[in-house]
Amino acid sequence: MNTGRLLLLPDDPEAHERERRLAARGLGAAPVPALDAHAARLAAGAGAPFAGVNFVHTDHQYLAGLHPRGVPAAARRVARAHGFSPYVVVRRKALVLDDVRDYPRFSPNEAVDFSGIRAYLGAPLTDHDGFVLGTLWAAAREPRDWGREALALVKTLAAEVAPLVRGTAGA
């Protein structure tokens, strides 16, 4: 539960353009089975219990790909403040948090307080122009040293997923 700590989300001046690009591709409003499969690959490769593909909108995020599977479409929409993908999107580079509570900027996040997430690893997903649309991420409920291998893996898989997000939701 949040103990009164202040969470400051990063300013995202590209949010409206991202929203437009996601809508044009039919992404960010429904699950995409191919993205579920990529999330499962990351989870297995990184040894993480959770992984996903998030598309960050102006006021929410949508988990278009998710591991474990079985989460209904309506439950895949989460608040923009839930999790760390908005930071990856704005930073335009990977984010590695071995223990979220070691970082005052990230520790008051809902993902920590309500979902119990303690470790996060994420990389940006870009369109053909290099515009960041979302993230490929892995998470765990206990602190962990992701290591260079997991960082390399999330970046490699993000590059493999990128062509799917450059196309349409049916890709």
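**Strand pairing and nonpolar cores**

Strand 1 and strand 2 pair in the antiparallel sense, with six bridges between them. The two form a hairpin in which three residues lie between the strands. Within this pairing, Gly-52 has Leu-66 of strand 2 as its bridge partner. The model described here is predicted.

Strand 2 is also joined to strand 3, residues 77-79, by three bridges, and these two strands run antiparallel. Here Tyr-62 stands opposite Arg-77 of strand 3. Strand 2 is largely enclosed by the rest of the structure, because seven of its eight residues are buried, that is, under 20% relative accessible area.

The discussion now turns to the side chains. In soluble globular proteins, nonpolar side chains tend to be buried together. In this model, the largest nonpolar core has 31 residues. Those with the most contacts inside this core are Leu-35, Leu-42, Phe-55, Leu-125, Leu-136, Trp-146 and Val-165. At least two residues of the core come from each of helix 2 (33-46), strand 1 (50-56), strand 2 (60-67), strand 5 (119-126), strand 6 (132-140) and helix 5 (147-166). Helix 5 gives the most, with six residues.

When its neighbours within four places in sequence are left aside, Val-165 is in contact with Arg-25, Leu-27, Phe-55, Leu-125, Thr-126 and Leu-133.

Technical notes. Residues are numbered from 1 along each chain as its sequence is written. This is a predicted model: local features need pLDDT of at least 70, side-chain atom pairs count only at pLDDT 80 or more; totals for chains, interfaces and linings use all residues. Side-chain values use heavy atoms; hydrogens and water are left out. A nonpolar core is a set of buried Ala, Val, Leu, Ile, Met, Phe, Trp, Tyr and Cys residues joined through side-chain atoms within 4.5 Å. Buried means under 20% relative accessible area, exposed over 50%, partly exposed in between (1.4 Å probe, protein chains only). Helices (H or I, at least four residues) and strands (E, at least two) are DSSP runs, numbered from the N terminus. Contact means heavy atoms within 4.5 Å. Two strands pair if DSSP finds at least two bridges between them.
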